[in-house]
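Let's sit down with a model and learn to read its features one at a time. Bring your questions, and we will take each idea before its example.

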Amino acid sequence: MNSIMEQTVNKNGYNIHFIPTKKFKTVTFVAKFRAPLDRETITLRALLPSVLREATKNYPNRTALQLKLDDLYGAVLSIDGVKKGENHVISFRMEVPNEKYLPEKANIIEKALDLFTELMFEPYLENNLFSEKIVNREKATLRQKIQAIRDDKIRYANIRLIDEMCKDEAYSIHVNGYETDLEQITNKELYEYYENMMQTDQLDIYVVGDINTPEIETLVSRHLQRNGNHDGNPVETTVTRQVTKPKEIIETEPIQQAKLHIGYRTNTAFADEDYPALQVFNGLFGGFPNSKLFVNVREKHSLAYYASSQIESHKGLLFVFSGIAPEDFEKARDIIREQMDEMKAGNFTDEDINETKAMIIHYLRETMDSNHGLVELFYQKQLAGSSKTLEDVINSIKAVEKEDIIRVARKIEEDTLYLLTAEGGKSDE
Amino acid sequence: MNKKTYSEIEEVIYSKKLENGLTVFLMPRKEMEKTYAIFTTNYGSIDRTFVPIGETEMVTVPDGVAHFLEHKLFEKEDGDVFADFGRMGASANAFTSFTKTAYLFSATEHIEENVKTLIDFVQEPYFTEETVEKEKGIIAQEINMYNDRPDWQSFMGTIKALFKNHPVNIDIAGTVDSIMKITKDDLYTCYNTFYHPENMTLFIIGNIDAESMMQLIEQNQTEKSFPESIEIKRSFPEEPEQVAMANSEIHMPVTVPRCTVGIKESHQKLEKDEFLMKDLLTTMVVDHYFSKGGKFHRELYQEELIDASFSFETNIDKSFGYTLIGSNTTRPEEFASKVKELLISTKEEEITEEEFSRMKRKRIGRILRAMNSMEYIANQFVDYYRYDINFFELISHIEALTVEDVNNFLKNWIRSERLAVCTILKE
């Protein structure tokens with residue numbers, strides 16, 4: 001394996017992580033602002049990325065900003081917010097071609113870094129506030145985005161499942177915010193929150209590419225000065241929650257294909273010693289095309305077009321997703337539950353285990369071939385407070401044995417079953 | 001084996017046309033963890049009328065055979081090929097488009113075994129009446145899932161509005177009715193005709209050694225026998241210049257309507273140079289006007305006719321070409337007439353030197369960025385190769401474009417009878 005290491009430097013108010021590698025024809029900058037998930041601030045945080053993406057002090061409208069990015073050889077910029085366990089993370093990402101492949105030398109790294117820090121710390125303001133027009137416009141866009149989730153039935157079913165399953169937990173907070181809160185947000189409130197966030201969020205910056213590390217470090221230090229209060233500790237995500245009796249929720253929509261999604265508590269999170277075994281469990285159960293769910297629900301019984309499972313690593317959750325004909329609900333549910341029982345009973349072979357381990361290691365190494373993938377791998381480790389190198393992670397998966405997987409399986413409890421189906425339980429054709 | 005070095009982008013590619021007709025490309029990338037291999041046949045959903053190998057008369061097969069074949073090749077007498085890849089730590093996949101069917105894997109170990117598995121499963125079909133019948137249920141589910149998706153409905157709906165006769169207007173997977181008619185014999189007929197090595201390309205990129213890999217592939221191919229290759233005769237119906245339907249509506253459960261304006265970019269066979277010009281300039285011009293920062297994007301945005309779902313795409317191929325510009329919008333009629341008005345106004349537009357050099361910089365930068373992905377390199381290379389265009393020379397083709405080229409293009413680009421609108425509305 002080609003070794004990839006990160007070098008981390010603690011600066012005043014932020015960490016900077018360098019990931020030097022010859023894999024890419026670009027240089028990538030990522031800045032991550034992190035705060036606890038909170039029902040009070042989530043809609044503000046959902047709205048901020050698109051407001052900041054619109055304009056900066058020196059590029060006061062989206063056209064000026066975009067032309068600047070185009071000039072930097074089509075630099076790509078994105079700003080978004082995601083849930084990481086019970087943290088909310090806003091990421092700024094910018095990527096420019098590495099100068100050595102360009103027909104003319106343009107000092108592009110420094111220019112890009114200049115713009116990158118301006119996007120974060122020098123937004124476009126009118127009377128010391130965000131532009132009223134931009135904020136209203138982006139509120140409308142976010143409202144449409146919140147409403148459009150209903151059209152993506154797989155995503156919608158998953159959000160509904162988490163709503164029901166994690167009702168009183170921060171994890172159920174919607175990452176896009178809430179329509180009712182959105183109406184109330186004023187320009188002033190948003191700007192005050194932004195200032196507060198820039199001061200108090202934990203900030204990590206990543207630089208990936210064929211770079212000269214000391215040179216970039218000097219550049220970043222020159223461009224980025226930050227003071228403020230940030231304790232640097234990620235929010236502890238609450239992992240355990242007693243499941244008393246599994247819930248079953250059935251809702252209808254005019255659709256042809258029903259979505260059957262099931263949520264479980266794994267009682268195992270990223271930093272736990274059992275986590276590698278949980279990864280192997282998931283691979284065997286529903287993570288891969290040769291898994292129990294795929295083979296039994298989709299192939300053997302031709303019941304579903306898709307049937308798979310996924311783990312949420314910080315919160316300790318497991319989800320099963322399947323798309324089925326509405327009339328097959330009971331049959332599909334029973335087969336999914338049977339597969340879970342098979343896992344708990346240890347009904348899988350050493351050959352299955354070895355294959356699954358190989359697949360997990362493959363995906364991990366594959367992620368290391370992507371610039372953004374590398375950043376996410378290192379950030380996930382950082383969030384969980386893990387000091388393992390990527391090699392350690394691979395070795396710990398190799399070390400998983402059958403009894404580890406059975407032990408992990410037996411800790412898993414079904415929490416909520418959610419079915420989104422056609423009215424009357426039949427396809428409405 | 002030919003070796004070609006592209007020093008400006010630090011890439012080396014090896015190639016060889018084997019005796020049985022198969023074209024092989026190898027690109028060692030030693031710094032990567034992964035290897036990606038893609039085995040492609042020039043056979044897609046539009047190839048429905050053709051002369052089968054060894055016969056003399058044209059036949060027309062049921063819609064959806066190319067996609068059905070893609071599904072069926074993964075199944076063998078002794079099990080599923082996915083499992084074979086799985087055992088070797090690889091993830092495999094396949095896709096069918098209008099013009100090609102591709103089988104691929106990526107792996108970080110057992111590369112040679114996985115390459116053999118890839119070639120062998122595609123070259124050793126196993127279809128029985130029984131397994132063909134069973135697959136129909138799975139594909140019908142897949143078709144139904146696509147039918148529930150507004151984005152897919154709006155894509156296919158616009159294509160259907162643009163093309164009257166060309167089979168690009170048929171869903172890639174066919175319909176539930178058409179796939180029920182597919183027989184084992186249809187599959188073999190299409191397989192034998194279109195999966196001949198002469199019609200196929202194998203591209204491998206990643207952590208490989210070119211010499212030994214080429215040897216392995218040649219060895220594998222020498223052990224198999226194929227009939228003499230013949231040029232495949234395909235037939236496409238006459239396609240009029242104008243669109244099939246200027247306006248069409250689809251009703252389905254959506255909260256926000258979606259509207260797409262389609263441009264019929266081409267409707268008949270393009271020659272190499274014509275294709276290259278059209279492909280580069282259409283992509284750059286559409287991007288110039290409709291990407292964020294573009295003049296037309298700004299107008300649509302300011303009039304609140306579009307939201308974050310706004311998107312555009314251009315696909316120029318040998319026998320057809322289209323551009324689609326679409327968005328979720330609460331005012332679909334206004335969106336459509338505004339986009340059409342803007343498009344028609346391009347006749348009077350003049351792009352300046354400065355603008356054009358920025359357009360070129362952006363396009364070059366974006367290609368370099370996309371080259372971070374080995375999948376992108378492989379897929380693009382194979383696509384352009386069908387036109388005898390070398391993907392790695394694309395950057396120099398872009399550098400050579402002049403502002404006169406783009407302004408001439410603009411004068412003739414849009415004609416109102418080549419525009420179509422498709423709207424997805426609430427039920």
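**Reading the model, feature by feature**

A: Let's begin with burial: A:Y73 counts as buried because its relative accessibility is 4%. Buried means under 20% relative accessible area, exposed over 50%, and partly exposed in between, with a 1.4 Å probe and protein chains only. This is a predicted model, in which local features need pLDDT of at least 70 and side-chain atom pairs count only at pLDDT 80 or more, while totals for chains, interfaces and linings use all residues. Residues are numbered from 1 along each chain as its sequence is written, chains are lettered from A and ligands numbered from 1 in the order in which they are written, and side-chain values use heavy atoms, with hydrogens and water left out.

Q: Where does A:Y73 lie?

A: Helices (H or I, at least four residues) and strands (E, at least two) are DSSP runs, numbered from the N terminus. A:Y73 lies in the loop of chain A between α2 (62-71) and β4 (76-84). The backbone there is worth a look: A:Y73 is not a glycine, yet its phi is positive, about 50°.

Q: What is phi of B:E10 near? And is B:E10 buried or partly exposed?

A: Phi of B:E10 is near 55°, again a positive value in a residue other than glycine. B:E10 is found in the chain B loop between β1 (2-6) and β2 (11-17). With a relative accessible area of 49%, B:E10 is partly exposed.

Q: How confident is the predictor in chain B?

A: The score for that is pLDDT, the predictor's confidence in each residue, from 0 to 100. Chain B averages 95, and 100% of its residues score at least 70. The model as such scores ipTM 0.79 and pTM 0.84.

Q: How do I read the overall build of chain B, such as its radius of gyration?

A: The radius of gyration is taken over C-alpha atoms, and the globule rule is 2.2 Å times the number of residues to the power 0.38. For 427 residues, a compact globule would come out near 22 Å; chain B has 23 Å, which agrees. Along the principal axes, the C-alpha atoms of chain B fill a box of roughly 60 × 55 × 40 Å. Chain B holds 15 helices and 16 strands, and 60% of its 427 residues count as buried.

Q: What share of the contacts in chain B comes from residues 24 or more positions apart?

A: Contact means heavy atoms within 4.5 Å. Among the contacts in chain B with a separation of 6 or more, residues 24 or more positions apart account for 80%.

Q: Which residues does B:S154 touch?

A: Not counting residues up to four places away in sequence, B:S154 touches B:R258, B:T260, B:C422 and B:I424. B:S154 is found in helix α5 (residues 150-162) of chain B and, at 3% relative accessibility, counts as buried.

Q: What joins the side chains of B:S154 and B:R258?

A: A polar contact is a pair of N or O atoms within 3.5 Å; within protein, one must be able to donate a hydrogen and the other to accept it, and residues adjacent in sequence count only if both atoms are side-chain atoms. The side chains of B:S154 and B:R258 are joined by such a contact, of 3.4 Å.

Q: How many aromatic pairs does a search of the whole structure find?

A: A pair of aromatic rings is described by the distance of the centres and the angle of the planes. Rings of Phe, Tyr and Trp (its six-membered ring) pair if their centres lie within 6.5 Å; planes under 30 degrees apart count as stacked, over 60 as edge-to-face and the rest as tilted. The search finds 49 aromatic pairs over all chains. In one of them, the rings of B:Y43 and B:F194 have centres 4.2 Å apart and planes at 5°, so the pair is stacked. B:Y43 lies in the chain B loop between β4 (35-41) and β5 (49-50), and B:F194 in helix α7 (residues 184-194) of chain B, so the pair ties together parts that are 151 residues apart in sequence.

Q: What about a charge over a ring, as with B:K318?

A: A charge sits over a ring if NZ of Lys or CZ of Arg is within 6 Å of the ring centre and within 35 degrees of the ring normal. The charged end of B:K318 sits over the ring of B:Y387, 5.7 Å from its centre. In chain A, A:K25 lies over the face of A:Y101, at 5.2 Å from the ring centre.
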